[in-house]
Amino acid sequence: MTLMALFWVLIPLFVGVLFIGLYRNLFAKLAAIFGASGRFIPFGSVNAAALGQAYVDEVVLQRRIRPRGRLPWARHMLISWGFSVLFTFDVLTAVFTKYLPSEPFMPGHPGWLFLKLGLNLSGMVLLVGLLIALGRAVTTASTEEAKFNDTPGTVFLLLVVVTGFIAEAMHFANLPSDPRRGWALLGHWLAETIRGGAPYGASYSVFWIAHALLASAFLAYLGWSRMIHVFAAPLGRLFYAQPALREAKVRGVMEELLRPRVERS
Amino acid sequence: MGQKGWLFDINRCIGCHACTVACATWNGTDSVFWRPVATIERGTYPNVVLRNLSMPCLHCADAPCMQACPVKAISKRASDGVVLVDQATCIGCTLCFWACPFGVPKIGPEGKMSKCTYCDNRPDGLPRACEEVCPTKAIVSGDLETLEPIARQRGGERVGGPARPALFLVR
């Protein structure tokens, strides 16, 4: 089996593992929870304003991390937003250049340059966040704080990002120099730096496939590790930010427990 | 050692919240209360009755919070059945709160779940902080086997349900 054939087998496998992980570790649990306690929770009283506020606080600004300090908050914001925007641009790139190819998004055209800018900018934001996280992992290695670090997740994602930048730089370095690729920021800068060693035939393929496999494996990893918080935390916090639902759940239980014995029999 | 648990006597509770304060002070939980007191007003004037229930984690035998946690941050200590949360692993998703039949888990200012640890940092021989300060002895802690005769004597019973909470209630 060639490396490329293996790649096409492994990608859907990894995506499948992600969905199995999400089903087993999140959706099945949610179904059990709301199946058991749904009677206490009046979904009709969902407060839209509180929902909006929770979305801004938990997802957009991630305020609950702020009390831990500026650096942890900045690190989480960089990683979270870098990853989300990068993923979005990855999907857009696949759609506009592979599955629904259109002229403005072909190499060298404005749409393509825009995609490259988005990919590189978000990738750089993610890279900075991951380097801060790695720095923290190193500096707190022998302290009590170390248990709060997700070093395997950080290293895994860092490998995805670094192989991505290297693969892109090798790809650009294999082509004639073009100043318009300056929109590709770090990818372009790296390409110009390593241009002397071009062409990178086989090593480019290795890095590209390694990047694609690592990225897919990381998606699978999301459903089976602490990284599941990417899905679980915003979802749970949006519900938790509904005071009426919370109070209704607790109040129903308390009323039942506080009912005098005579009334119950 | 057997399963640790609680006995709570609703008829003795005067709603003074001393247990809430003692718990927060001993455990240093600041503004997060692991043992809040719920008050229900029943009846109509002039026949009004206030009933209070001080509600910590009930360290359920089949803790639903533990089953709901997507990252296995909640565990049950084999030696005494106390349900504990690993703060480092917790991702603050609140699924435990929704899974808990009593809505016990609390989310702290840092977004992590926290709840009663059965005062696991208390020196041996001392009662739980809440039990120690209760002026009417409405709270009693200990092994379920020890609590059962006291509950029977006071006319109480073990709270039922699939989670099998470690609580005897006198009402």
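Predicted model: local features only at pLDDT ≥ 70, side-chain atom pairs only at ≥ 80, totals over all residues.

Guide: Let us begin with the secondary structure.

Visitor: How many helices and strands are there in chain A?

Guide: A count of elements gives a first outline of a chain. Chain A has 10 helices and zero strands, and its elements accordingly read α-α-α-α-α-α-α-α-α-α from the N terminus on.

Visitor: And how many helices and strands are there in chain B?

Guide: Chain B contains five helices and 10 strands. The radius of gyration may be read next: for chain B it is 16 Å, close to the 16 Å of the globule rule for 171 residues, so chain B is as compact as a globular protein of that length.

Visitor: What radius of gyration does chain A have?

Guide: The value for chain A is 23 Å, whereas a compact globule of 265 residues would have one near 18 Å. The C-alpha atoms of chain A fill a box of roughly 90 × 45 × 40 Å, and the C-alpha trace of chain B spans about 50 × 35 × 30 Å.

Visitor: What share of the residues in each chain is buried?

Guide: In chain B, 49% of the 171 residues count as buried. In chain A, buried residues make up 27% of the 265 residues.

Visitor: How should I read the separation of contacts along the sequence?

Guide: One considers the contacts between residues at least 6 apart and asks what share joins residues at least 24 apart. In chain A that share is 73%; in chain B, residues 24 or more positions apart account for 58% of such contacts.

Visitor: Which elements of chain B supply residues to the side that touches chain A?

Guide: An interface is read by counting residues on each side, then by asking where they come from. Here 28 residues of chain B are in contact with 30 residues of chain A. Strand S2 (37-42), strand S3 (49-54) and helix H3 (95-99) of chain B each supply at least two residues of the side that touches chain A. The largest share, four residues, comes from H3(B). By class, this side of chain B has 20 nonpolar, five polar and three charged residues.

Visitor: At what angle do helices H5 and H6 of chain A cross?

Guide: A helix pair is described by the distance between axes, the angle and the handedness. The axes of H5 (residues 151-174) and H6 (residues 185-194) of chain A come within 8 Å and cross at roughly 60 degrees. The crossing of H5(A) past H6(A) is right-handed. Among the residues making the contact are A:Phe165 and A:Phe172 of H5(A), with A:Leu190 and A:Ile194 of H6(A). By class, this contact has eight nonpolar, two polar and one charged residues.

Visitor: Is B:Cys130 buried or exposed?

Guide: To answer, one counts the C-beta atoms around the residue; 20 or more within 10 Å make it buried. B:Cys130 lies in helix H4 (residues 129-133) of chain B. B:Cys130 is buried because 26 other C-beta atoms lie within 10 Å.

Visitor: Which residues are in contact with B:Cys130, leaving aside its neighbours within four places in sequence?

Guide: They include B:Cys19, B:Cys23, B:Arg35 and B:Ile139. As for B:Cys90, 40 residues from B:Cys130 along the chain, the two C-alpha atoms are separated by 26 Å.

Definitions and conventions
Residues numbered from 1 in each chain as written. Chains lettered and ligands numbered in written order. Rg over C-alpha atoms; globule rule 2.2 N^0.38 Å. Buried ≥ 20, exposed ≤ 12 C-beta atoms within 10 Å, placed from the backbone. Contact = placed C-beta atoms within 7 Å. Nonpolar A, V, L, I, M, F, W, Y, C, P; charged D, E, K, R; others polar. Axes fitted to C-alpha atoms, helices over the stretch in contact; angles between N-to-C directions. Left-handed = near helix turned anticlockwise from the far one by under 90°.
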